Amino acid sequence: MKRLLALPILAALIVSACGGTGSGGAQATGGAGTAPAAKAVRIGLVTDVGGLNDKSFNTLANLGRQDAEKDLKVETKVTESKQQADYVPNLTSYAQQGYDLVISVGFLMTNSTWKVAKQFPNVKFAIVDGAPADDAGKTENLPNVANLFFAQQEAGYLVGVIAAEMAKAKVGKATNNTVCSMGGIPIPPVDTFIAGYQHALQTISPTTKILNGYSNDFVDQQKGKEVGLRHIDQGCDILFQVAGGSGLGYIQAAKEKGKYAIGVDADQADVAPGVVITSALKRVNKAVYDSIKAVKENTFKSGDTFFNAANEGIGLGKLDPVVPASAKAAADKALADIKSGAIKPKTDIAVK
Amino acid sequence: MTVDMVIGASVLAATLRLAAPILLAALGGVISERAGVVNIALEGSMLVGAFVGIVAAEQTDSIVIGVAAAIIAGTLLAGIHAIAAIHWRSDQIVSGMALNILALGLTSYLNFQLYGTTGTPADVPDLPTVADQSILVWVSLALVPLTHLFLFGTVSGLRLRAVGEHPRAAETVGIGVRRVRYAAVLASGALAGLGGAYLSLSVAHSFTDGMTAGRGFIGLAAVIFGKWSPIGALVAALLFGYGNALSTSLQGATIGDTRVPVQLLGTLPYLLTILAVAGFVGRSRPPAADGVPYEKEGH
């Protein structure tokens with residue numbers, strides 16, 4: 001008899017666990033009983049497995065959704081995906097309810113978006129960092145899907161200018177003329193950041209030694225920290241991370257050993273004040289906001305849209321006081337040159 | 001490829017850092033399974049410990065309270081597993097998995113509620129280091145002989161093993177099977193909680209969702225690999241740690257003119273394990289009553 005009691009109680013535990021995170025305190029929706037005549041535009045956002053408080057990608061996408069809800073008077077909702085198998089059901093759920101726009105956050109959802117968008121041709125979709133891809137992985141542009149791409153290499157180039165100027169002039173603790181970076185895994189949205197970074201380093205300070213590594217993970221902080229400690233052993237004193245949660249460990253290594261770090265996606269100055277000298281901003285919030293606005297104003301465009309320096313889609317984060325004015329001036333000039341097309345940051349990694 | 005990349009001092013130091021949390025979970029697993037209860041909720045205990053440790057340390061500004069709170073949190077989660085597995089005699093794998101999901105959901109949820117998207121504060125107190133390693137690394141190593149002495153050199157240890165091998169025989173000589181099993185499961189949770197404290201307070205100085213990243217499960221693999229002995233668990237944990245250390249230190253290494261791909265290096269710890277288990281460990285036998293709920297006669 002006692003054994004029989006255990007199962008329902010455990011089931012209740014599981015349900016409460018899933019329910020607790022599924023709603024995540026971030027559910028937001030407008031009035032449900034709107035009159036059909038003045039039907040509000042409804043937007044659904046589906047995060048990838050990183051979750052809403054990953055301090056970068058998904059956090060920013062959600063910020064864009066919240067801003068749009070405030071400014072544009074649209075109804076929005078967000079669903080967190082706990083595993084990759086959740087993507088299709090989460091997207092389908094919004095499409096079935098007739099949402100006007102369903103947003104997928106992240107290149108991991110290219111195939112799920114392709115599947116669901118084909119099934120619901122009258123619903124509009126937007127996907128951050130990718131384009132719909134069929135089961136074989138082949139990209140196919142769909143008339144109801146907007147593909148939102150970022151010029152990560154431009155953001156990488158800007159932080160690369162700061163790092164190069166500091167390494168060249170041996171500013172503060174950056175005395176070894178050695179500059180490093182770490183990606184999560186070698187995939188295009190990660191590697192393009194690093195490619196731009198290295199391009200700036202090689203252009204501005206050719207004598208600077210460059211190292212690059214991977215944590216093979218986007219969550220595990222210890223793996224990121226180990227790569228950081230290894231890099232510091234090899235002389236690195238400026239460390240740029242493109243590895244989500246794992247990258248926070250890379251920053252922690254810099255903090256412990258008294259070196260400098262550079263953040264990614266969001267402005268990560270607060271992660272370790274005095275250590276994070278700047279961040280390579282990728283304004284996913286702007287991409288999400290703009291797509292919602294386009295649907296609201298009936299200017300939705302399917303196919304590729306690029307977010308870059310010219311349209312403020314990428315940028316440079318807050319600068320720590322240790323960064324000299326000359327470095328800031330060089331970064332400002334680089335930004336202007338990228339906007340005008342005088343500098344075209346590379347997308348292929350030079351030092352692997 | 002150079003010798004320094006394979007057995008340099010920095011590789012060995014990294015091995016210890018990476019082995020410590022796995023070792024703590026594995027020692028917990030050894031104690032629990034020797035008493036006859038499989039505790040796959042070690043991962044959950046570790047995660048809860050990591051979270052509660054950082055919250056307590058940050059709120060009280062005391063690293064001692066932080067570590068103590070992590071141990072208590074890990075113990076409490078294991079307590080739920082103990083009640084399910086021992087009192088209710090439920091399936092130990094189901095209960096353990098449910099608790100792991102609960103731990104992941106609960107810590108992610110509370111992390112978001114407490115710290116929002118900004119994350120844990122940057123000014124968490126530091127754990128002391130000895131010889132350039134966190135004190136908890138040394139604690140984890142010291143626990144190996146202590147656990148060994150306890151299990152194989154004391155009356156309590158003998159009773160614990162008896163309960164895991166043949167609970168009915170133990171009962172007939174007056175050993176309280178349930179009491180011993182409760183104590184063993186709670187101890188395993190405490191050790192996993194300490195492992196969590198090491199990850200959040202010493203390694204990361206912050207908490208991120210799911211940051212234990214399977215170390216509790218790898219700890220359980222180390223239990224089997226180490227043939228349910230503390231010293232075996234140490235060897236296994238060091239091997240995992242070494243594999244992980246190599247996957248970092250060998251980055252950029254070349255064989256001939258070919259670079260070793262980083263994705264391949266990421267599989268190193270697991271390849272090493274499969275090789276070791278297949279080639280060197282030989283037959284390993286779990287305690288006879290491992291994972292089997294105990295019912296007194298006449299019930």
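This is a predicted model: local features need pLDDT of at least 70, side-chain atom pairs count only at pLDDT 80 or more; totals for chains, interfaces and linings use all residues.
In chain A, six strands form an open sheet with parallel pairing, in the order S2-S1-S3-S4-S5-S11. Its edges are strand S2 (75-79) and strand S11 (303-307), each of which pairs on one side only, and the twist from one strand to the next averages 20°. Strand S1 (residues 42-46) of chain A runs parallel to S2(A) and is joined to it by five bridges, with A:Leu45 standing opposite A:Val78 of S2(A). Helix H2 (residues 57-72) of chain A packs on this sheet, where it touches S1, S2, strand S3 (101-105) and strand S4 (124-128), and its direction makes about 165° with that of S2(A). Helix H3 (residues 87-96) of chain A likewise packs on the sheet and touches S1, S2, S3 and S4, its direction making about 175° with that of S1(A).

Another open sheet of six strands in chain A has mixed pairing and the order S7-S6-S8-S9-S10-S12. Strand S7 (209-214) and strand S12 (314-316) are the edge strands, each pairing on one side only, and the twist here averages 15° from one strand to the next. S6(A) and S7(A) run parallel and are joined by six bridges, among which A:Ser181 has A:Asn212 of S7(A) as its bridge partner. Helix H6 (residues 188-204) of chain A packs on this sheet, touching S6, S7, S8, strand S9 (260-265) and strand S10 (276-282), and its direction makes about 170° with that of S6(A).

Over all chains, the structure holds one disulfide, which joins A:Cys180 to A:Cys236 with an S to S distance of 1.5 Å. Because A:Cys180 lies in strand S6 (residues 178-183) and A:Cys236 in the loop between H7 and strand S8 (238-242) of chain A, the pair ties together parts that are 56 residues apart in sequence.

The second largest pocket contains about 520 Å³ of space. Its lining consists of 27 residues, and those nearest the pocket centre are A:Leu229, A:Glu256, A:Lys257, B:Arg17 and B:Asp132. At least two lining residues each come from helix H7 (221-233) of chain A and, in chain B, from helix H2 (9-34), strand S2 (133-134), helix H9 (177-204) and helix H11 (230-249). H7(A) gives the most to this lining, with seven residues. By residue class, the lining of the second largest pocket divides into nine nonpolar, nine polar and nine charged residues.

Methods. Residues are numbered from 1 along each chain as its sequence is written. Chains are lettered from A and ligands numbered from 1 in the order in which they are written. Side-chain values use heavy atoms; hydrogens and water are left out. On a 1 Å grid over the protein atoms alone, a cavity is a set of points where a 1.4 Å probe fits but cannot get out, and a pocket is an open set with protein on both sides within 12 Å along at least five of seven lines; lining residues have an atom within 4 Å of a point. Grid points are joined across faces, edges and corners, and a volume is the space filled by probe spheres set on the points. Helices (H or I, at least four residues) and strands (E, at least two) are DSSP runs, numbered from the N terminus. Ala, Val, Leu, Ile, Met, Phe, Trp, Tyr, Cys and Pro count as nonpolar, Asp, Glu, Lys and Arg as charged, and the others, Gly among them, as polar. Two strands pair if DSSP finds at least two bridges between them. Axes are lines fitted to C-alpha atoms, for helices over the stretch in contact, and angles run from 0 to 180 degrees between N-to-C directions. Contact means heavy atoms within 4.5 Å. A disulfide is a pair of cysteine sulfur atoms within 2.5 Å.
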